[in-house]
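Hello,

Here is the model we talked about passing on. Please open it first; my notes follow below.

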Amino acid sequence: MRPRSRYCIDTKRLCHLLLAFWMLLAISGSASAQDGPVGDPLRSGLEGALRGCEIWVLDPSSWLDDPTRFLAAVDLGGAVSETESLPEPLLPPEPFRRGNRYWRINAGPSEGYALVVSRDIPMCHITGGGEVDLQPAAEAVVASPDFAERWERIGEERRDGMVSTFFKLREEPKLSLVISRADAPGARRDRAQVIATATYDLGR
């Protein structure tokens, strides 16, 4: 049985932390926004974060000595920057908080994604939020032919206005992914709107 996702953030303190982070993200990323993704930055930002997840977990040589190949795989130019830390709501579950590195992806004036990876554990964690509705972009990514070609859908759960869809990578089924997002457009903005976690099963 899959563990249920616990992504709803209800306290005022955490809501304020989230909103403050997205504003900080926008301010720090505004100078390099011209070098960032083209087209729909909400969608391309999530797609880039997912590409980063895949290469980080499956190809440690892409970042072990130098993150150049990892960043090339993310392919979002100056929209990506590394930071020393992130607010608590944007961190992965406690067991994954080892050897972490933190990346911010600017996707608009007050929205973006946080990508947390690990040097010690084969996992990555993406959180997206801001003042703009990210649900349509997340749905577009999950429903795209390119995504379906790489990731096989294996299940889905709905809870508290969120839908979590489970996948495994077709080329390497040991790599699993869960993407959680609002179950309809126009959901709350004061919590994480998109959460994705990828893990590699070392036991099978």
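**Helices on the sheet**

Helix H2 (41-58) lies across strand S2 (100-106), strand S3 (111-118), strand S4 (123-130), S5, S6, strand S7 (175-182) and strand S8 (194-200), and runs at about 165° to S4. Helix H4 (residues 135-143) also packs on the sheet. H4 touches S5, S6, S7 and S8, and its direction makes about 150° with that of S7. Contact here means heavy atoms within 4.5 Å. Axes are lines fitted to C-alpha atoms, for helices over the stretch in contact, and angles run from 0 to 180 degrees between N-to-C directions. Helices (H or I, at least four residues) and strands (E, at least two) are DSSP runs, numbered from the N terminus.

This is a predicted model: local features need pLDDT of at least 70, side-chain atom pairs count only at pLDDT 80 or more, and totals for chains, interfaces and linings use all residues. Residues are numbered from 1 along each chain as its sequence is written, and side-chain values use heavy atoms, with hydrogens and water left out.

**The sheet**

The sheet is open and has 8 strands, in the order S1-S2-S3-S4-S8-S7-S6-S5, with antiparallel pairing. The twist averages 20° from one strand to the next. Two strands count as paired if DSSP finds at least two bridges between them.

S5 and strand S6 (residues 162-169) are antiparallel over 8 bridges. Trp 151 has Leu 169 in S6 as its bridge partner. For Gly 155 the partner in S6 is Phe 166. The S5-S6 hairpin has 2 residues between its strands, and Asp 160 in the turn has a positive phi of about 55°.

**Salt bridges**

The whole structure has 11 salt bridges (a side-chain nitrogen of Lys or Arg within 4 Å of a carboxyl oxygen of Asp or Glu). One joins Asp 59 and Arg 69, with the closest N and O atoms 3.0 Å apart. Asp 59 sits in the loop between H2 and helix H3 (68-74), and Arg 69 is in H3, 10 residues apart.

**A pocket**

The lining of the second largest pocket includes Glu 47, Arg 51, Phe 147 and Trp 151. H2 gives the largest share, 4 residues. H2 and helix H5 (145-150) each supply at least two. By class, the lining has 4 nonpolar, 1 polar and 5 charged residues (Ala, Val, Leu, Ile, Met, Phe, Trp, Tyr, Cys and Pro count as nonpolar, Asp, Glu, Lys and Arg as charged, the others, Gly among them, as polar). A pocket is an open set of points on a 1 Å grid over the protein atoms alone, where a 1.4 Å probe fits, with protein on both sides within 12 Å along at least five of seven lines; lining residues have an atom within 4 Å of a point.

Best wishes
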